[in-house]
Amino acid sequence: MLNVGIIGCGKISELRHAPEYTENPNCKIVGFYDFVPERAQALAKQFGAKAFGSVQALLDCVDAVSVCSANNAHAAATIQALESGKHVLCEKPMATTLADCEAMVAAARKNGRLLMLGHNQLFAKAHVKARELIREGVIGRPLMFHTAFGHSGPEIWTGTGNTWFFDKKRAVLGVLADLGIHKTDLMHFLLDDEIVSVSANIRTLHKTYPDGSPITVDDNALCLYETKKGVVGTLHVSWTLYNSREDNSSRIYGTEGILRLYDDPECPLILEKKDGSIVRYDDVEPIITNDEQKKGQRRSTGVIDAFVNAIVNGEPTPATGEQALKAMRVIFAAEQSAKTGQRIEITHP
């Protein structure tokens with residue numbers, strides 16, 4: 001039995017990590033830690049565990065942890081856990097500087113422990129199937145892509161208009177790192193490729209604090225990507241999609257057809273061939289949304305199961321620290337592009 005702990009007791013812990021650990025028969029939640037003790041105590045009571053007074057006290061009692069704190073605390077907690085010999089599942093974005101991301105990967109390698117990121121897009125059924133189809137050559141050679149991720153903002157998820165997601169000191173990065181990291185990493189996964197250049201426009205268009213002043217992180221981002229294999233594509237992420245349905249869609253355009261992923265509310269994956277034929281994969285499970293989980297509609301993201309299986313059974317996971325680091329390089333390059341107005345080249349060692 002794998003003993004696990006959770007560091008950071010916000011909504012992501014309450015609605016995703018803790019329930020999914022509870023449902024996995026190969027692990028047990030031992031305890032919670034949060035810098036606000038009452039939050040740890042509340043989740044400990046809810047999930048039948050213990051609230052710890054420090055990160056190290058929790059680490060001393062577990063085999064693995066989820067790091068679900070604010071962005072600026074990811075690196076320190078992750079490295080502390082890895083140095084203590086614990087496996088780590090860290091929420092996205094990995095960290096707030098490239099140096100910290102690299103240090104996290106180095107700590108995992110040094111201590112022989114798993115570092116995994118909560119990149120749940122890699123486990124969505126349509127994405128897994130699409131990767132298989134692309135590898136089989138069903139759409140020929142990939143040429144272009146368009147990917148998007150948007151909703152009405154993290155304040156809906158957290159339940160407060162003064163959420164830490166809008167706090168430059170704690171979040172550091174905005175929607176590009178919050179949602180854009182998912183779809184950037186997804187393109188690496190789907191295409192078996194690496195993004196090597198980016199031009200970006202990153203803006204704060206509408207979101208405000210409760211007093212009406214603009215938030216100090218970005219709420220919209222638009223990026224033009226190019227991969228090592230010459231595929232070009234666009235990424236659009238937004239916290240200002242004020243409608244009733246998230247946009248979590250992607251399209252991959254190839255020489256022999258198009259794959260449409262989660263852009264049709266009735267069908268998660270559609271293949272449109274050059275000869276005019278259409279294949280609808282209606283049996284593929286719809287992608288889980290924030291709204292569903294906030295309303296208590298339980299469907300596993302697959303992240304916790306993959307983390308536990310990787311530790312207990314040695315099953316490989318696509319969401320490793322090394323893979324996440326590649327996507328984070330792209331995010332930091334996009335930030336630089338937006339500041340300088342220049343296209344930025346990216347090197348992946």
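1. Leaving aside its neighbours within four places in sequence, which residues is Glu91 in contact with? The list runs to Ile12, His17, Val67, Cys68, His74, Leu117 and Gly118, where contact means heavy atoms within 4.5 Å. Glu91 itself belongs to the loop between β5 (87-90) and α5 (98-111). Helices and strands here are DSSP runs (H or I, at least four residues, for a helix; E, at least two, for a strand), numbered from the N terminus.

2. Some ground rules before going on. This is a predicted model, in which local features need pLDDT of at least 70 and side-chain atom pairs count only at pLDDT 80 or more, while totals for chains, interfaces and linings use all residues. Residues are numbered from 1 along each chain as its sequence is written, and side-chain values use heavy atoms, with hydrogens and water left out.

3. Back to Glu91, which I'd look at again. Glu91 is buried but has no salt bridge. Buried means under 20% relative accessible area, exposed means over 50%, and partly exposed is in between (1.4 Å probe, protein chains only). A salt bridge needs a side-chain nitrogen of Lys or Arg within 4 Å of a carboxyl oxygen of Asp or Glu. The nearest side chain of opposite charge is Lys92, 5.1 Å away; for charge, Lys and Arg count as positive and Asp and Glu as negative, with His and the chain ends not counted.

4. Val88 sits in strand β5. It's a buried residue, at 0% relative accessible area. Setting aside neighbours within four places in sequence, Val88 is in contact with Val65, Val67, Thr78, Ala81, Leu82, Leu114, Leu115, Met116 and Phe307. Val67 is on this list and also on the one for Glu91.

5. Now the overall picture. The protein chain has 12 helices and 15 strands. Its C-alpha atoms fill a box of roughly 60 × 50 × 40 Å along the principal axes. For 349 residues, a compact globule would have a radius of gyration near 20 Å, and the chain's 20 Å agrees; the radius is taken over C-alpha atoms, and the globule rule is 2.2 Å times the number of residues to the power 0.38. Of the 349 residues, 56% count as buried. Among contacts with a separation of 6 or more, 69% come from residues 24 or more positions apart.

6. On to the sheet. It's an open one of 9 strands with mixed pairing, in the order β14-β13-β12-β11-β7-β10-β9-β8-β15. Its edge strands, β14 (278-280) and β15 (344-345), each pair on one side only; two strands pair if DSSP finds at least two bridges between them. Inside the order, β7 (residues 142-150) and β11 (residues 250-254) pair in the antiparallel sense over 5 bridges. Pro142 stands opposite Gly254 in β11. Helix α6 (residues 125-136) packs on this sheet and touches β7, β11, β12 (257-264) and β13 (267-273). The direction of α6 makes about 180 degrees with that of β12 (axes are lines fitted to C-alpha atoms, for helices over the stretch in contact, and angles run from 0 to 180 degrees between N-to-C directions).

7. How many salt bridges does the count come to? The total is 17. One of them joins the side chains of Asp263 and Arg251 at 2.9 Å, N to O. Asp263 lies in β12 and Arg251 in β11, so this pair ties together parts 12 residues apart in sequence. Arg251 is partly exposed, at 29% relative accessible area. There's a network here too: salt bridges link Arg251, Arg260, Asp263 and Glu272.

8. Lys274 forms a salt bridge with Glu256, with the closest N and O atoms 3.4 Å apart. Lys274 is in the loop between β13 and β14 and Glu256 in the loop between β11 and β12, so the pair ties together parts 18 residues apart in sequence. Lys274 is exposed at 60% relative accessibility, whereas Glu256 is partly exposed at 32%.

9. Another bridge joins Glu345 and Arg343, whose closest N and O atoms are 3.3 Å apart. Glu345 is exposed at 55%, and Arg343 is partly exposed at 46%.

10. Last, Asn26, found in the loop between α1 (11-23) and β2 (27-33). Asn26 is partly exposed, with a relative accessible area of 31%. Not counting residues up to four places away in sequence, Asn26 touches Met1, Leu2, Val308, Asn309 and Val312.
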